[in-house]
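Here are a few friendly notes to read alongside the model. Please keep the structure open as you go through the points.

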Amino acid sequence: MKTVVHAACPHDCPDACGVLITVEDGQATKIQGDPEHPVTRGFLCAKVAKYLDRVYSPDRVLYPMRRIAAKGHSDAASAGKSPAPTQAWQRITWDEALDEIATRFRAIITEFGSEAILPYSYGGTLGALNGASMDRRFFGRLGASQLERAICSAAGEAGLISVLGAKLGTEPEQFVHSRYIIAWASNIHGNNVHLWPFIEEARRKGAKLVVIDPYRTRTAACADWYLPINPGTDGALALAMMHVIIGEGLHDADYVAKHTLGFDALREKVKAYPPERVAPWTGISAEDIRKLAREYATVRPSVIRLNYGVQRSEGGGMATRAVAMLPCIIGSWKEVGGGLQMSTSGAFGLNKIALTRPDLKPEGLQRPARSVNMVELGKALNTLDDPPLKALFVYSSNPAAVCPNHNEVIRGLERPDLFTVVHEQFFTDTTDYADIVLPATTFFEHKDLQTAYGHYFVQVSDRAIEPLGECRSNVELFRALAMRMGFDDPCFRESIDEMIDGALDSENPWLKGIDRGRLQRERQVRLNFAETGARLPASGSQAIGADAKAEPFLPFAHGGFRTPSGKAELYSEAIKAQGLDPVVEFIVPQESRHGKKTAFPLELLARKADNFLNSSFSNLPSVQAMEETNLLEMHSSDARTRGIRDGDTVKVYNNRGEIFLRARVDGAVQPGVVSARLNWAKLTPGSRNINVLTSEKLSDLGNSATFYSVLVEVESSKFIP
Ligand SMILES: Nc1nc2c(c(=O)[nH]1)N[C@H]1C(S)=C(S)[C@@H](COP(=O)(O)OP(=O)(O)OC[C@H]3O[C@@H](n4cnc5c(=O)[nH]c(N)nc54)[C@H](O)[C@@H]3O)O[C@H]1N2
Ligand SMILES: Nc1nc2c(c(=O)[nH]1)N[C@H]1C(S)=C(S)[C@@H](COP(=O)(O)OP(=O)(O)OC[C@H]3O[C@@H](n4cnc5c(=O)[nH]c(N)nc54)[C@H](O)[C@@H]3O)O[C@H]1N2
Ligand code: SF4
Ligand SMILES: [Mo]
């Protein structure tokens, strides 16, 4: 029997593709993009196009396993293979695994209290159910420490929300109407590939594409104008652009008067940021800054695709705030194809309370459980007291690869007294430190509800095949654990469909008329913007993009900002309350070439790989074939002064650690900047990855990670570990 099942890609990616899976006699035999999805339009990225290799990989975790050897990478692993190190593991039943976890948890709670247990999850799946529902209910009811999930986007979200009040932005379909497109810290070909066809269509009609990125991405190489910027200086660039725009009267005085708060204070503030002052920080000439500002303000509609690279810096929150002000002062929110997109996730408004049940608590616990920032996992494992962390439950994440200050993370994970459970699809860097490993389903094997952060379509992702081996989804795992702990709240028995219905039963007017039945019939349903304001201004009502039936969604054409004042807040009391400049300012990042002098003169971009997804996919041979790994990209001038030639082994180091990579001298970075890509640690020489060099330092807003504020030194090395 042959069927075609509709699913949605749940990986941590803005595109949330519509997917069609062909199933023959219970086996998935083909994956393709759903051609009817109006944004993702029938194609998949290169890694997910090879998803059958992932689902049916011989390296999948298929059964619960108990550790029978010391914690740490096995020899097979450091030899560079993608291992299922069987000599470290003994297969056990689910009953044995659940009993052992429940017994250990009870003992830890008796001796140290429930906050000695820490859940640790992030972006393995963004499915609404498997991402955050039964797990949150379980750990809430248990009274475990709460996890502050700030590793990715918290600084940018705080910056964006301080101006707009919500994570809303320009629809990707509208980019075809843009005449001037700025891809700002936005690796579109690598991380957001479904936006590219819309940009190409706009360019065929004459639009100009500008890319602002310290790394010459494939997108930068295709741009009409590439502006390599020094890392961590985007806030200064945006301030200088506003200096020019306001100084030359290129702002939209009418929009500003009606829909913004604090313009006079901003006008004063930007006087301190003339292009001549900002040029040395950014590495962009004053002349280019002026040209960029003038073009952006006058070639209309102009749009900014701001992605998360800007906010992975010490000043990332303020920088995002500064960039988010630009469309507010030029009034481009009024135009189809104008505005800015960083995230669209704020539009979905699922009923998160129903999903996560924050009211569940252990009997007797009055205050909320303490919170631990996931960025500081190393610090938490090694130094947290009262109570110390005694158990770590990892799912949908690979902290032994993705967390900053890797050496400290590993030191913590090696603790023999730490009871670690990892729910995974593969034997990752993190399972190498687990006491118990539990097998997890892929999205082929479970049903879920899918939103997006790069468009406005909702989908139900159907289950295509039975779970492989004894794999269980996150929902089913935490349901079973709740039962084992004796939690009898009815919510632990809710079916998947009941949970989907509960999530869609929300006060968000944009979900009106969208229910599970309709989603299963229509596959991808655009949010119901017709129900509320936020529509086209009377002047221009051209149809847009692939979905001509739908009116363009212009979130702030008539104001309607979700801030306390209802205006775009160029002055923010909330920012002031945090002790920061209520307007906006640029503070030179300490760990940068502009900060205080150190022995480490080069700025490192510890970037993601175009063909992996954070550390996911990096173990699959067919995906490895598309990505060159273990490289340090550097500029020829920095290589020359250190006697390094293309292909040499180099040691890259700072006070936190060292790593051995192969030098690539090819012009992707500017002088003073080096770049390397995230990969599994055990697939990197020495079994340490690039996060040995990154720090736990938090960003100015949102307590987020600062993966792109890192200084290092590089030297030629004969030694290959
Ligand atoms: N192929 C692939 N796709 C992915 C991912 C992946 O790992 N691989 N990861 C997913 C995840 S988790 C996320 S959050 C999104 C993130 O996607 P993006 O928001 O695009 O995030 P990054 O790749 O971190 O950074 C984007 C770009 O910012 C640049 N950059 C670094 N520092 C600065 C700076 O100071 N200023 C400027 N202007 N640019 C800077 C980087 O060189 C990079 O090209 O992508 C998702 N999609
Ligand atoms: N140096 C450096 N470090 C970074 C970044 C960077 O740019 N540079 N980016 C940061 C960013 S933006 C992010 S978002 C984080 C991402 O950090 P993570 O979310 O930890 O990302 P992944 O490495 O993709 O690990 C996800 C794991 O979840 C597993 N998984 C997938 N689906 C499921 C499921 O349904 N259930 C369970 N139990 N497991 C599942 C996958 O097999 C995979 O091993 O990394 C951060 N780390
Ligand atoms: S990772 Fe992103 S681009 Fe690739 S299939 Fe999934 S949603 Fe689409
Ligand atoms: Mo992320």
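1. Let's begin with ligand 3, whose shell has eight nonpolar, one polar and two charged residues. Here Ala, Val, Leu, Ile, Met, Phe, Trp, Tyr, Cys and Pro count as nonpolar, Asp, Glu, Lys and Arg as charged, and the others, Gly among them, as polar. The shell residues are Cys9, Cys13, Asp15, Ala16, Cys17, Leu44, Cys45, Lys47, Val48, His194 and Leu613; a residue is taken as near a molecule if one of its heavy atoms lies within 4 Å of it.

2. A word on conventions before going further. This is a predicted model, in which local features need pLDDT of at least 70 and side-chain atom pairs count only at pLDDT 80 or more, while totals for chains, interfaces and linings use all residues. Residues are numbered from 1 along each chain as its sequence is written, chains are lettered from A and ligands numbered from 1 in the order in which they are written, and side-chain values use heavy atoms, with hydrogens and water left out.

3. The protein chain is divided into domain 1 (2-75 + 91-151 + 351-504), domain 2 (170-342 + 547-577) and domain 3 (602-716). These bounds come from an automatic or database domain assignment.

4. How far apart do the C-alpha centres of domain 1 and domain 3 lie? The distance is 28 Å. Across this pair, 36 residues of domain 1 are in contact with 34 residues of domain 3, where contact means heavy atoms within 4.5 Å. About 2,800 Å² is buried between the two domains, and carbon and sulfur atoms give 54% of that area. On the domain 1 side, Lys47, Asn405 and His406 lose the most area to domain 3, together 21% of what that side buries. Buried area is the accessible area (1.4 Å probe) that two parts lose on being put together, summed over both. Lys47 also belongs to the shell of ligand 3.

5. The side chain of Ser615 has an N or O atom 2.5 Å from an oxygen atom of ligand 2, and a polar side-chain atom of Ser616 lies 2.6 Å from an oxygen atom of ligand 2. The protein covers 98% of the 920 Å² of accessible area that ligand 2 has on its own; such areas come from the Shrake-Rupley method with a 1.4 Å probe.

6. Ligand 1 is surrounded by 32 residues, the closest being Asp213, Asn307, Tyr308, Phe612 and Asn614. The shell divides into 16 nonpolar, eight polar and eight charged residues. Helix H8 (188-191) and strand E22 (602-607) each supply at least two of its residues. Helices (H or I, at least four residues) and strands (E, at least two) are DSSP runs, numbered from the N terminus.

7. Backbone atoms take part in the polar contacts of ligand 1: a polar backbone atom of Tyr308 is 2.4 Å from an oxygen atom of the ligand, and one of Ala609 is 3.1 Å from a nitrogen atom. The side chain of Asp234 places an N or O atom 2.7 Å from a nitrogen atom of ligand 1. The protein covers 99% of the 900 Å² of accessible area that ligand 1 has on its own.

8. Finally, some backbone geometry to look at. The peptide bond from Arg300 to Pro301 is cis, with omega near -5 degrees, and Pro301 lies in the loop between helix H15 (286-298) and strand E12 (302-306).

How values were computed:
Polar contact = N/O pair within 3.5 Å; in protein donor to acceptor, adjacent residues only side chain to side chain.
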